[in-house]
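Student: Please take me through this protein by question and answer. Keep it brisk.

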Amino acid sequence: MTLFEWPMWALAVFAYVIIQRLAELAYANANTRRLLAEGGREHGAKHYPLFILLHSGWLIAIALFAVPSAAPDLLLLNAFIASQTFRFWTLASIGRWWTTRIISAPHFPRVKRGPYRFIKHPNYTLVVVEIALLPLLLGAPAMAVTFSILNAALLWWRIRIENEVLTERICTP
């Protein structure tokens with residue numbers, strides 16, 4: 001089944017994810033430029049291209065190999081919708097500090113509002129869920145497993161770097 005043969009609900013979900021990811025990249029890049037201009041510096045730049053490769057490969061693999069059913073699994077669809085609500089809460093809570101890179105400086109605050117009060121890295125938690133959930137929703141369980149394993153390895157590397165960097169920041173409510 002090609003992407004163009006997918007049911008409308010699956011095309012809508014997939015298109016939403018692509019548009020949302022592109023919008024987030026634009027927002028992240030603007031924040032990155034501003035934070036660098038405010039004295040921030042990038043940490044862990046070596047692994048960043050691997051995240052681009054992983055997320056691009058994930059979307060391409062879904063587009064090429066997923067076989068969505070005629071009607072969505074409502075449990076998975078509702079879980080996906082809930083994950084997007086969590087995404088918006090996370091991004092709204094971190095605001096101008098959110099980037100897809102690790103940009104930090106000692107004078108930058110450490111965000112402790114929204115889901116950051118309860119989870120140290122809520123955006124990474126969300127990405128773990130999405131990497132598995134979207135392929136499952138779109139009929140590609142092997143991709144859910146494969147990309148979840150690859151994502152876990154990269155996050156293990158990134159979170160170690162980010163945790164070290166965050167210790168230099170001041171805490172804010």
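Student: In which helix is glutamate 162 found?
Tutor: This is a predicted model, in which local features need pLDDT of at least 70, side-chain atom pairs count only at pLDDT 80 or more, and totals for chains, interfaces and linings use all residues. Residues are numbered from 1 along each chain as its sequence is written, and side-chain values use heavy atoms, with hydrogens and water left out. Helices (H or I, at least four residues) and strands (E, at least two) are DSSP runs, numbered from the N terminus. Glutamate 162 sits in helix H5.

Student: Is glutamate 162 buried or exposed?
Tutor: Buried means under 20% relative accessible area, exposed over 50%, and partly exposed in between (1.4 Å probe, protein chains only). Glutamate 162 has a relative accessible area of 16%. Glutamate 162 is therefore buried.

Student: Which residues does glutamate 162 touch, not counting residues up to four places away in sequence?
Tutor: Contact means heavy atoms within 4.5 Å. With residues up to four places away in sequence not counted, glutamate 162 touches Ile102, His121 and Tyr124.

Student: How far apart in space are leucine 155 and valine 128, C-alpha to C-alpha?
Tutor: Leucine 155 lies in helix H5 (residues 141–166). Leucine 155 is buried, at a relative accessible area of 7%. Beyond its neighbours within four places in sequence, leucine 155 is in contact with Phe51, Tyr124 and Val128. Leucine 155 and valine 128 are 27 residues apart in sequence, and their C-alpha to C-alpha distance is 9.1 Å.

Student: Are H1 and H4 roughly parallel or roughly antiparallel?
Tutor: Axes are lines fitted to C-alpha atoms, for helices over the stretch in contact, and angles run from 0 to 180 degrees between N-to-C directions. H1 and helix H4 (residues 122–137) pack at about 155 degrees, with axes 11 Å apart. Angles under 35 degrees count as roughly parallel, over 145 as roughly antiparallel, 65 to 115 as roughly perpendicular and the rest as oblique. H1 and H4 are therefore roughly antiparallel.

Student: How many nonpolar, polar and charged residues are in the contact of H1 with H4?
Tutor: Trp9, Val13, Phe14, Val17 and Arg21 in H1 meet Glu130, Leu134 and Leu137 in H4. Ala, Val, Leu, Ile, Met, Phe, Trp, Tyr, Cys and Pro count as nonpolar, Asp, Glu, Lys and Arg as charged, and the others, Gly among them, as polar. By class, that contact has six nonpolar, no polar and two charged residues.

Student: Are H1 and H3 roughly parallel or roughly antiparallel?
Tutor: The axes of H1 and H3 are 13 Å apart. Their packing angle is about 15 degrees. H1 and H3 are therefore roughly parallel.

Student: Which residues does threonine 90 contact, leaving aside its neighbours within four places in sequence?
Tutor: Threonine 90 lies in helix H3 (residues 74–94). Threonine 90 is buried, with a relative accessible area of 0%. Leaving aside its neighbours within four places in sequence, threonine 90 is in contact with Pro115, Tyr116, Pro122 and Asn123.

Student: Where is confidence highest in the protein?
Tutor: pLDDT is the predictor's confidence in each residue, from 0 to 100. The mean pLDDT of the protein is 94, and 98% of its residues reach 70 or more. Confidence is lowest in strand E4 (residues 170–171), at a mean of 65. Confidence is highest, at 97, in helix H1 (residues 8–37).
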